[in-house]
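Here's a friendly walk through a protein model for anyone meeting it for the first time. Have a look at it, then read on.

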Amino acid sequence: MKVQIHTSLGDIVVRLYDETPKHRDNFVKLASEGYFDGTLFHRVIKDFMIQGGDPDSKGAPAGKNLGTGGPDYTIPAEFVYPQLFHKRGALSAARTSDEVNPNRESSGSQFYIVWGKQYKPGELKQMERQLAMQQEQGVFNRLVAENRPKIMDLRRKRDQAALQELQDDLIAQTHAICAEQGTMKFTDEQVKVYTTLGGTPFLDNQYTVFGEVEEGLDIVEQIQNVATGRNDRPVEDVSMQVTVLED
């Protein structure tokens, strides 16, 4: 399935992945209803991405705070990793932060198209190490939160030996869970793409990738280069109309 994003700077044709059917079907439904028509690319960050899909951006006056609008539902995450990743031109779903959205569910309408940058192999290796540390920290923090009542009880009792024993147990559980999940390592394909085409590898397995640009990557480049003001909104509005194309 393909869609055309007609913008004030030119057209972008995106192929939606069958591997992410919930996101594909939702995007097609909204596009067919004209939901995106007249909305803006309201958040543009050079060498990173262009974001749109906020219904509140339709006819939004200059200075209006954008980025929180959408339908009254979210979409369950559909991570198909490492097959689908954040290469340049990837279409991905925006979402709220892990703190309020631990299951990493996607916004019902907001999306972004990746631009990113080209990386050196050594930078990707360093990123792998950082991501592994973040993975362990995230798992450990979750286990601590789940055991908070027990931790608070032991602190009230000033039972340092039991607290140390619990901490050691949580660390062991963390290592076991991370081993089961698998430490994130970039595949040969990812390394090739990230070092030649470019992208945003630090977003992999964090946000759902559900499509990619097949035509109009030069238009994405133009949009990510526009002048922006407050909250990364383009100084001159970049509007869109989204049309579902026949296969």
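## Ground rules

Two strands pair if DSSP finds at least two bridges between them. Strands (E, at least two residues) and helices (H or I, at least four) are DSSP runs, numbered from the N terminus.

This is a predicted model, so to speak of local features takes a pLDDT of at least 70, side-chain atom pairs count only at pLDDT 80 or more, and totals for chains, interfaces and linings use all residues. Residues are numbered from 1 along each chain as its sequence is written, and side-chain values use heavy atoms, with hydrogens and water left out.

## The sheet

Let's begin with the strands. Eight of them make an open sheet with antiparallel pairing, in the order β3-β4-β8-β6-β9-β2-β1-β10. At the edges sit β3 (41-45) and β10 (240-245), each pairing on one side only. On average, neighbouring strands are turned by 25 degrees against each other, direction ignored (axes are lines fitted to C-alpha atoms, for helices over the stretch in contact, and angles run from 0 to 180 degrees between N-to-C directions).

Now zoom in on β1. Six antiparallel bridges tie β1 to β10, with I5 partnered by V242 of β10. Six bridges also join β1 to β2, again antiparallel, and these two strands form a hairpin with two residues between them. There, T7 has G10 of β2 as its bridge partner.

Contact here means heavy atoms within 4.5 Å. Helix α1 (residues 21-32) packs on the sheet and touches β1, β2, β6, β8, β9 and β10, its direction making about 115 degrees with that of β10. Helix α6 (residues 217-224) lies across β1, β2, β3, β4, β8 and β9, at about 115 degrees to β2.

## Spaces inside

A cavity is a set of points, on a 1 Å grid over the protein atoms alone, where a 1.4 Å probe fits but cannot get out; lining residues have an atom within 4 Å of a point. Grid points are joined across faces, edges and corners, and a volume is the space filled by probe spheres set on the points.

There are two cavities of 30 Å³ or more. The largest has a volume of about 60 Å³, and its lining includes H23, N26, F27 and F210. Helix α1 gives the largest share of that lining, three residues. The second largest cavity holds about 40 Å³, with Y81, H86 and D204 among its lining residues.

Terms used: On a 1 Å grid over the protein atoms alone, a cavity is a set of points where a 1.4 Å probe fits but cannot get out, and a pocket is an open set with protein on both sides within 12 Å along at least five of seven lines; lining residues have an atom within 4 Å of a point.
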